[in-house]
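Please prepare a briefing on the structure shown below.

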Amino acid sequence: MFSLRHSRLALAILLASARAGAADAPKAPQAPKAAGAPKLDVARLSLDLRSGDSGRIERALEEIGRAGPEGVALAQPLSELLVRGASVEIVRKAISVAGGIGASELSPALAQYVRHRAPEVRQLAVRALVATGGPSAVEALRRALRGSDPALRELAATGLGGLGARQALPDLVAALDHRVFAAARSIGQLCAGEACERFLGRLGKLPLEVVTDGLEPMLFRPESDVPTALKLEIIDRVSLLGTEPAQGWLKGVLRTWPAAGDPKVKKALEKATDTGATEEAPPRGKPGAGEAR
Amino acid sequence: MKAAPVFMALALCAACGRTTTPDGLFDLSWRDDGGAAIERVRQRVSAEPVPKGPDLAVFVTASGLVGELLPGGARWAHPARARFLPVVSGSVVIVGADKQITALDASTGSGLWSIDLDYSTLVGAADDGKLSVLSVLSRAGSELLAVDRQGDVVLRSPSASSLGVPAVLGGTAFVPWGNQFVSAIDLESGEETGRLLARQQVSRAVRLGANLYFGELAYLRFDEAISGASEGRAHAFQLPTREVPGAPTWRPGGTLSLGASARTHIQAYALPAEIHAASGSDVERSFAGERYATTYFGVALGFHTKTGKLMWVRSFSSDIVGGAATEHGFVFCTERGTVEYLAGLDGARLDLSAPSVVESRRGLGESVQACAVQADTLKFPPRGRAESLADQAAEALATSHPELAAVHAFLLGELAKEEDPLATKILIDVASSPRTAPSLREQAAFVLEGRRTGSEHMLAALEREYDFLADVLSTPPVGALASALMAMNERRAAPFLARHLNAPETSSADLEKTARALRTLAGQSELSELETFFSLYRATADDDTLVNAVVFVAEALLSVGGADGRRIVQSATEDTLTHPAIKEKLGALMGKKNPSPRT
């Protein structure tokens, strides 16, 4: 079974590898560039990518990959290469480089590779699309969520949250119903209103670690997205489980609670974990009521 | 009931039994009289009443026998532990048990007589309302016995030749022997009163309906033509030869050892009859309803007696362990102890509704080993039409049991002959279902490729794509459908085929057939999918099927892609990254005259 711990790790790897470019390439330098670093020779590299010579193409991809997002100037010829197709080795490098560039104009060319017959190419394409984003990326990931490749479904479920694809929420809920547990976090990242409340309703019906994977982003989202009242209810209901894992999760959230975060939520976390609260906050709506357990 | 040891009966009571000398019965030194004597026998016995008895099913269980009057009538039980399938003959049931043979009243199950006998096999038995005749194998060899209602053995004759299944009518026993003779024996005198020599194998004498028949593979009717048997002029009835699951044989009458249980599950059933010929005026020898049935475990199949065509199929929740053919249909009894009635023409299940029938539908509550049926007077009520053969086959194919693999494969072959578009749908369902055995799925797909009707069902199937979230977890047999629709020039298939072309769930084998079909069927609407496939694999194709698929798609691009399509293929031909095998074929393609673009 796909472990939630693995799902979080997968998300981290997904985003890291997408931003860093090819797996073998050194990490892209972060902007702003240091003064005096060689610029990409766009004209030459464009010719190389269009040359049809595998050696030239591979060398060009390595050079562009090292530039990271700076390679956006080569998006057009890179896109053409992907559309034209090439050997598996070149395609893999090209996809990774496209992910490293992260430009949405690369998404249409990348999207077709989500349907490639080679599983590793499909997975590389999904990772890259999470970085490039845009409507084509969302559509491709939504399609991958319905496919026969379980690993791809998990990656796609995770990626849709990262893309902010709110329109994919019904698919993610359906995926969670089909035990694609990676969808939980994305639901937590994307839901609003009733959808969030319905997700909270899965507490006790799904493994705790699955549900909390979705509840956690809800707690950290701004109030305009997820109202404080709902956050307090989340804390209350998890606390009422009374189990060690539930307490552990609450403590973990409290530990990472930002200083500028909602103080009411923080207080509720403290109360739920019996840490740091010196006066009892009255339960919601019932002044003077005892501590709820 | 009398149970006298044989040797004591012979020694002490001459009137109780008589041993005919070898010079008498079953003597090979016989001169063919041209059928004169046997004809006299026929004329004499034809005036005798045919022994009547109830319509009855006799079940053999571990605890004994259960008789059920048909349809759905009273039941009786008897503790006899049968070693052989009981024989129901008119008003009597004859049971071979261990060192004992017993006769029961067919209507009530009460004992009529029982004899102790040291024998190994009960070959057959029959009764004419007064006397029972038995053919047995013992240490002494083959023997014929006649037993009266008091249980006295009134005749006993050993034979050096093997004796077959006897029949009896009007005090005359008809005994096949030596694989070619049938002797008529007067049971009062013990003398042979007539003999026929058949020019074919004959090991059984059996009453079917109102007539006697003699034979083994073909059966000669005991009628005015019987005297010509030695010259091959007797009226013969034989089922057509065709391959049927289990290779069942038509062996009416007789009995069989219950150790060989599989034979009870694989049988053929038919009732000889005369029917009006197509011209309307003549009658011809055939079988009732022009149908015969075979059984294979839990499945019954109905065939046309002239053409051998499969006419109907029925599956049951438990194995069929016995049955009989009647004038209007077939009666089968099952391992669960139920009795099923099927109309002969189309296999319609008959509902002989009555409270007692409902009771009998629940079975016996214990497993049945075998069953013997007599249904000479059973009338079938009027009924509606049965479903089509295709529908019946679908129901039979839905029963998944490893035992039924042979009949499932057979049904697929038969469906291939059906024009009915529903047969196409059934083949698609079988080929798509993950519950179907792989070999059967393969066969269904193979048959599907040859279909030329049911295109609407094919298109509906192709519309279905793998969708995990919608619980569509299987794909249709895309390759087989592609080939069939290509042969039918069904262009509406093109968009579906194009989507399947780029679906990773489509197998390599199906991919090649799909691409080949698109070469013929694709239009400009499919260009995007064709281009995607071509670009994804023209440099990475790693097996022959994928190479061929890419080349077929290239041909499609040349046909419908216009200048852009030609440019794409031309570029690939010149690109060093294109797979060498593909490059070579594309070069040859481009070297030929381009096909005219289709509008």
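**Briefing: burial, interface, cores and charged pairs**

Phe214(B) is buried, at a relative accessible area of 0%, where buried means under 20% relative accessible area, exposed over 50% and partly exposed in between (1.4 Å probe, protein chains only). The model is predicted: local features need pLDDT of at least 70, side-chain atom pairs count only at pLDDT 80 or more, and totals for chains, interfaces and linings use all residues. Residues are numbered from 1 along each chain as its sequence is written, chains are lettered from A and ligands numbered from 1 in the order in which they are written, and side-chain values use heavy atoms, with hydrogens and water left out.

**Surroundings of Phe214(B)**

- Phe214(B) belongs to strand 17 (residues 211-215) of chain B; helices (H or I, at least four residues) and strands (E, at least two) are DSSP runs numbered from the N terminus.
- Leaving aside residues up to four places away in sequence, Phe214(B) touches residues including Phe174(B), Val182(B), Leu196(B), Tyr219(B), Phe222(B) and Ile226(B), contact meaning heavy atoms within 4.5 Å.
- Phe174(B) and Phe214(B) lie 40 residues apart in sequence, with 8.9 Å between their C-alpha atoms.

**Chain A overall**

- Chain A contains 16 helices and zero strands.
- Of the 293 residues in chain A, 51% are buried.
- Among contacts in chain A with a separation of 6 or more, 63% are between residues 24 or more positions apart.

**Interface between chains A and B**

- Chain A and chain B each bring 27 residues to the contact.
- About 2,200 Å² is buried between chain A and chain B, with carbon and sulfur atoms giving 54%; buried area is the accessible area (1.4 Å probe) that two parts lose on being put together, summed over both.
- Arg115(A), Arg117(A) and Arg146(A) account for 36% of the area that chain A buries against chain B, more than any other three residues.
- Twelve residue pairs are in polar contact between chain A and chain B, both residues being at pLDDT 80 or more. A polar contact is a pair of N or O atoms within 3.5 Å; within protein, one must be able to donate a hydrogen and the other to accept it, and residues adjacent in sequence count only if both atoms are side-chain atoms.
- On the side of chain A that touches chain B, helix 3 (54-67), helix 4 (75-84), helix 5 (88-101) and helix 10 (169-177) of chain A each supply at least two residues, and helix 10 gives the most, with three residues.
- That side of chain A comprises ten nonpolar, nine polar and eight charged residues. Ala, Val, Leu, Ile, Met, Phe, Trp, Tyr, Cys and Pro count as nonpolar, Asp, Glu, Lys and Arg as charged, and the others, Gly among them, as polar.

**Salt bridges**

- The structure holds 45 salt bridges over all chains, and two of these salt bridges are between chain A and chain B. A salt bridge is a side-chain nitrogen of Lys or Arg within 4 Å of a carboxyl oxygen of Asp or Glu.
- Arg115(A) pairs with Glu529(B) in a salt bridge whose closest N and O atoms are 3.1 Å apart.
- Arg146(A) forms a salt bridge with Asp467(B), at 2.8 Å between the closest N and O atoms.
- Asp467(B) is buried at 17% relative accessibility, whereas Arg146(A) is partly exposed at 27%.
- Within chain B, Glu284(B) and Lys306(B) form a salt bridge with closest N and O atoms 2.7 Å apart; Glu284(B) is in strand 22 (residues 283-287) and Lys306(B) in the loop between strand 24 (299-304) and strand 25 (310-315), 22 residues apart.
- Lys306(B) counts as exposed, at 53% relative accessibility, and Glu284(B) as partly exposed, at 22%.

**Helix 13 of chain B**

- Nine of the eleven residues of helix 13 (residues 527-537) of chain B are buried, among them Glu529(B), Phe533(B), Phe534(B) and Tyr537(B).
- The cover over these buried residues includes helix 4 of chain A and, from chain B, helix 12 (508-521) and helix 14 (544-560).

**Nonpolar cores**

- The largest nonpolar core has 191 residues, of which Leu78(A), Leu215(A) and Leu301(B) touch the most other members. A nonpolar core is a set of buried Ala, Val, Leu, Ile, Met, Phe, Trp, Tyr and Cys residues joined through side-chain atoms within 4.5 Å.
- Helix 14 of chain B contributes the largest share of this core, eleven residues.
- Another core, of 21 residues, lies apart from it and includes Phe59(B), Val339(B), Ala343(B) and Cys371(B).
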